[in-house]
Amino acid sequence: MQLDFWLNKWQKKDIGFHQDAVNPSLMDYWPRLDVGNQGRVLVPLCGKTQDMLWLAGQGHHVVGVEISPIAVQEFFAENQLDATHAQLDGLDHWSAGAVRLICGDFFATTAAVVDEVMAVYDRAALIALPPELRRRYVAHLSSLLPYGTDILLVVIDYPPAEMDGPPFSVNDHEVNALYGAEFSISMLAERDVLDENPRFRQRGLTRMIERVYRLTKLA
């Protein structure tokens, strides 16, 4: 899957993956992470999610990474935020208040760029990537994070034969295989969300399970 795939999605406004409201699992389970109400939170492949404003409202400084300049521009415009621009290590940084969006390839980010991240929120990054990129994504994410960093990870699990991603199905076995070597893993929730997502039932799904995890960096 090339970056052009996502750039075209935003260009064509084919963004069914975008949620207009704050994700309920974020509100329900973020307090289970050991990050208090301060510190910097990384949101990979963030799009223009309202979840970033919710996190900022909890007292966090939020760093989102997004490939599409359209998504970045729309985030600030739709929320009536006047953003300032800077460039660091070849990546465009747009900031307003407690939110900073880095417009560029997530795999081009470095620990210096994200700088002192205390937690990660991933609702739409891992499940946006095909299998061949998921392991690379986890390895790069891990390289950015210091010991003890918590991740709130939200994935969906459905019969892959019934629908082509994205969003892709990621089951519990794969979560453990991807993260088990460098993170402790605790499942916080598991529930059927198909009735809440009728567009996926229309695409042929008979089952859709959402799982929420707390992951903690071990080394």
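Which residues does His 140 touch, not counting residues up to four places away in sequence? They are Phe 106, Phe 107 and Thr 109, where contact means heavy atoms within 4.5 Å. His 140 lies in helix α6. The residue is buried, at a relative accessible area of 15% (buried means under 20%, with a 1.4 Å probe and protein chains only).

The model is predicted: local features need pLDDT of at least 70, side-chain atom pairs count only at pLDDT 80 or more, and totals for chains, interfaces and linings use all residues. Residues are numbered from 1 along each chain as its sequence is written, and side-chain values use heavy atoms, without hydrogens and water.

Nine strands form an open sheet with mixed pairing, in the order β3-β4-β5-β2-β1-β6-β7-β9-β8. Helices (H or I, at least four residues) and strands (E, at least two) are DSSP runs, numbered from the N terminus. Two strands pair if DSSP finds at least two bridges between them. The edge strands, β3 (84-88) and β8 (183-192), each pair on one side only. Helix α6 (residues 131-144) packs on this sheet and touches β1, β6, β7, β8 and β9.

Strand β7 is largely enclosed by the rest of the structure, because 8 of its 8 residues are buried. Asp 150, Leu 152, Val 154 and Ile 156 point one way. Ile 151, Leu 153, Val 155 and Asp 157 point the other way. In a regular strand, side chains alternate between the two faces of the sheet.

β6 and β7 run parallel, joined by 4 bridges. Ala 119 stands opposite Asp 150. β7 and β9 pair in the antiparallel sense over 8 bridges. There, Val 155 stands opposite Arg 211, and Ile 156 has Glu 210 as its bridge partner.

Note on methods
Axes are lines fitted to C-alpha atoms, for helices over the stretch in contact, and angles run from 0 to 180 degrees between N-to-C directions. Buried means under 20% relative accessible area, exposed over 50%, partly exposed in between (1.4 Å probe, protein chains only).
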